[in-house]
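This briefing covers selected local features of one protein model. Please look at the sequence and structure below before reading the points that follow.

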Amino acid sequence: MMKRLNRQVTVFGSAIFCVVVFSLYLMLDHLQLDNTKSPNNGGDRLQNGQLSILQGKIDRLERLLAENNEIITNIRDSVINLKESVKDGVPGGGNMSQGPYPELLALPPLVLPIDSQDCQFAAREFSEPADGVQLLDVYDLLTFDNPDGGVWKQGFDITYQENEWDSEPLQVFVVPHSHNDPGWLKTFDDYYRDQTQHILNNMVVKLHEDSRRKMIWSEISYFSKWWDNIDGQKRDAVKSLVERGQLEITTGGWVMPDEANSHYFALIDQLLEGHQWLERNLGVKPETGWAVDPFGYSPTNAYLLKQAGLANMLIQRVHYSVKKHFASQKTLEFFWRQNWDPASSTDILCHMMPFYSYDVPHTCGPDPKICCQFDFKRLPGGRVSCPWRVPPQPITDGNVQQRVQMLLDQYRKKSKLFRTKVVMVPLGDDFRYTEALEWDQQFQNYQKLFDYMNSHPELHVKAQFGTITDYFNALRKSATDPGHTVPSLPVVSGDFFTYADRDDHYWSGYFTSRPFYKRLDRVLESHLRAAEIIYSLTLANIRRSGKRNDFPAMENYRLLTEARRNLGLFQHHDAITGTGKELVVIDYGIRLFHSILNLKQVIVNSAHWLVLKDKSAYSYNPSKQLAPTCLFSYRPVVVYNPTEQDRTSVVTVYVNTPHVRVVTDHGRPVPAQVSAVWSEPTTASTERLQLKEDGSEHQIKVEFAWYGTTSNRDKSGAYLFLPDGEAKMYSPARPPVIRVTKGSVFSEITTTFDHVTHTLRLYHVQGVEGQSVEICNSVDIRGEFNREITMRLTSDVDSKDRFFTDLNGFQIQSRKTMAKLPLQANFYPMTSMAYLQDPGTRLTLLTAQSLGSASLKSGQLEVIMDRRLNQDDNRGMGQGVLDNKVTASSFRLLLEKRKLSTLSYPSLLSHVSSLYLNHPLIPMAVSTEAESRSLSPLSPLASSLPCDVHLVNLRTIQSKEGGGPSDEAALILHRKGFDCALSNRNTGLLCATTQGKIRMGKLFSELKFQSITPASLTLMHTPEKGSNQEEISLKPMEISTYRVQLT
């Protein structure tokens, strides 16, 4: 949101402006706004023969970002040190909001005002339910050996008695599905052209041929593209299939997202995009989640599905030892509950598939050799065969009895792993049912098997095609005891990382693979959130003023929609994971890059309208508004704060002279530090880094190290991390070049090695950023062979074998480093933070990009920065990882005093520091053509939101007619859980807590809510009561969505 240059502004990199602005997000500063200079549109398809052209474009992207690593790493919110300001001549030495700077913010309080009741959440204790399972305890229990289980290699022999189903027949639901990756070995568009459109076209025909046939579909990115290309008659046919229950949309997200690297903002956004599309076009509200291919599972996604109104979910890729344990305990079907939930409000019914894969050989039962004979696409003469060298047979009157006995035996054995006599059998694989022949082969042969089973009551089985919700409905009915309304099933809490599919093959490599694109993903997220909020505020102000002029609302909404979908596409489990072929990665990169450029234009257009004093003077002309922040003469600068907090932060702009003077909009001078943009390094020396907290010293050592890959046949690749032992310390061939910079605003040490440029920066301030050390690394390992580089922090924190990582930037998960596991198994995803602690101290590493992390020794925290691997790891991609880029990554290191507490949550300072790291201020220079127009600061919010409340998004909803914006928006709020056991002195925070209560009538300074209606997370469901609330109340950790209309 826009606010005035409300505090100190600092010039760095040629001029850093420090400003207090009000509420929204980052720009890749050096990316040009000029669309005429941008590459092809992100939606352009990669045609054959164009690879070299596209590689050139992505190389340009790399050059732009690599050239400006200083910007990416240094536009980090920082606060001006008031004591330094006094030294620089500010009279009085008191509150900066007084004296010569009346428009600046007050000093932060010495002690952060926290309501005592807000501390009870993290301080409380609750016991696990009697049938509860905590996954951390399961890891303690398991031996993680891998004995040969017979036909079920990773399991055990299953036996049963013939009469077990005499009193209650076995119910079998065979669920046809086709897993369509939106990019992996081919690009999204190429997959659609070659396979997906044919699958969906045949689906309409083949399901209509027999009303007993069923099918499920998940990826709305593909479904929407296909929908746009079919006629009204076919659309009506699809709607009738949905109404009859033959076609079920599962999950309904834009993609089937990765759950390790994705931030919860992006997870929500892709789910919202899919659900909104379904509401507009099909009127469908998904009930069940379907996630057969993500490489491990996060409870964050389970929570989001529950908040969206889904009742059930299915998962598949879980560590084989965990699967075996759950199968032996018959806990494969459970209620997944959040760690913080003492009751059952977050429970969602979850089914874990028991066997190795989601393909047909591993889904009908424990013996893949048998199950493969019932994948009728593999009939002799086809392109796919059974590896066990026993092919399927077409079902005939002569063999149906024998084939039914074989298949029913597998169904019965599978059912023995569950608590009810209802069994679910997926029937599909990647990009299945492309040809009409396969539809006939599968459906006709299975129908013959079902007809025989169902016509022979002595078999005690009822078999049919079903959707996944058909199965869950039957499961709930069977598992619910008489007189009860909830199924009698166990409760599970925790996460399912780190995944291993066999032996010591842990999928911890993808937590870091292609880190350049993982960083780009977060930059796009920040742009999208900033653009969504400022665009929604602009539309509301236009409605309020009645002066629409020629503001490009339709065009900007089109750019927003495209950016939502490009970000959503990249959350796919072969995109943000870094596990696609190079050609596909380039396609993703171009989409991300174009959307960043487009969103910068949306922000500029909206900011221009908002700060223009005379709205009637607005004229949409991109060349005469606001411009990139590169200054060559006197120029006004507009700064946009995309967060919900008042803040004092450092802003970076480039100028062409060291003689710079910065003034507020009232003409008052603002302290500025001018630093050179270095082209050649200089030499200096430095000592080890020490952090001081409350007079005590803590040793913190930052080092780098190399991992190699094992000499065994199976080696590290995009998915797998298979190191050759412990890391070897980084020892460059020549001494590093060290540069020391000292100034009144910040001091930094930059160390240049052959492979890493490493910067440590300290801000000499009392504010939020002054509490932490900024770490910026620029990594280049393009000349290496099978090596991975890690940054290791070694401290005197006595953390023993425990550490904590976040899940999706949403919640914290306790970790235990286990000697019984191989080194690679002790790495976990770190989306926004990881920390170590002992009874008196917590050391937190905040990150601006998702990477793999571990704590292999007490007091140690390490992060894999980049990976270069020369071979495929035999998981289907068919390539190594050799397309490394020069990659910038940013962190903050925060040291806090703590007291003992039962549960572990971040502190409020940690939450807000992470917010500022991921959402820097956005500076925009006013173009010379627009200088003559009078600009006026704008503060949309009446005051900061409570410290623990985050405005996730204010997202304009698409109109039901056409593709433009409606006058409604989705307001998404998240109340963060925080730990009061951390020190609340000198935090620099300018907010307070309010027990989660927000007075909606006083949220905005000028805008008012015409309507506000509580809704499910993605607006699918609206409760009957609760509209137009004057005050809303959020529980800790709760994410709530409201359908609002502002005017």
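Gln 824 has a relative accessibility of 5% and therefore counts as buried (under 20% relative accessible area, with exposed over 50% and partly exposed in between, using a 1.4 Å probe and protein chains only). The model is predicted: local features need pLDDT of at least 70, side-chain atom pairs count only at pLDDT 80 or more, and totals for chains, interfaces and linings use all residues. Residues are numbered from 1 along each chain as its sequence is written, and side-chain values use heavy atoms, with hydrogens and water left out.

**Surroundings of Gln 824**

- Gln 824 sits in the loop between strand E28 (811–816) and strand E29 (828–830); helices (H or I, at least four residues) and strands (E, at least two) are DSSP runs numbered from the N terminus.
- Leaving aside neighbours within four places in sequence, Gln 824 is in contact (heavy atoms within 4.5 Å) with Asp 504, Tyr 506, Ser 508, Phe 721, Leu 722 and Pro 723.

**Helix H19**

- Helix H19 (residues 908–918) is largely enclosed by the rest of the structure, because 11 of its 11 residues are buried.
- Among the buried residues of H19 are His 911, Tyr 916 and Asn 918.
- The cover over the buried residues of H19 includes helix H16 (515–545), strand E30 (833–837), strand E31 (841–847), strand E34 (887–897) and E36.

**The sheet containing E36**

- E36 also belongs to an open sheet of 4 strands, ordered E36-E37-E41-E39 with antiparallel pairing; two strands pair if DSSP finds at least two bridges between them.
- Strands E36 (949–958) and E39 (1009–1015) are at the edges with a single partner strand each, so one side of each has no neighbour in the sheet.
- On average, neighbouring strands of this sheet are turned by 25 degrees against each other, direction ignored.
- E36 and strand E37 (residues 965–975) run antiparallel and are joined by 8 bridges; Arg 955 has Ala 970 in E37 as its bridge partner.
- Helix H9 (residues 264–281) packs on the sheet and touches E36, E37 and strand E41 (1039–1046). The direction of H9 makes about 25 degrees with that of E36.

**Helices H6 and H7**

- Helix H6 (residues 188–209) packs against helix H7 (residues 220–227) at an angle of about 75 degrees, with the axes 10 Å apart. Axes are lines fitted to C-alpha atoms, for helices over the stretch in contact, and angles run from 0 to 180 degrees between N-to-C directions.
- H6 is therefore roughly perpendicular to H7 (65 to 115 degrees).
- The contact includes Tyr 191 and Leu 200 in H6, and Phe 223 and Trp 226 in H7.

Note on methods
Parallel < 35°, antiparallel > 145°, perpendicular 65-115°, else oblique.
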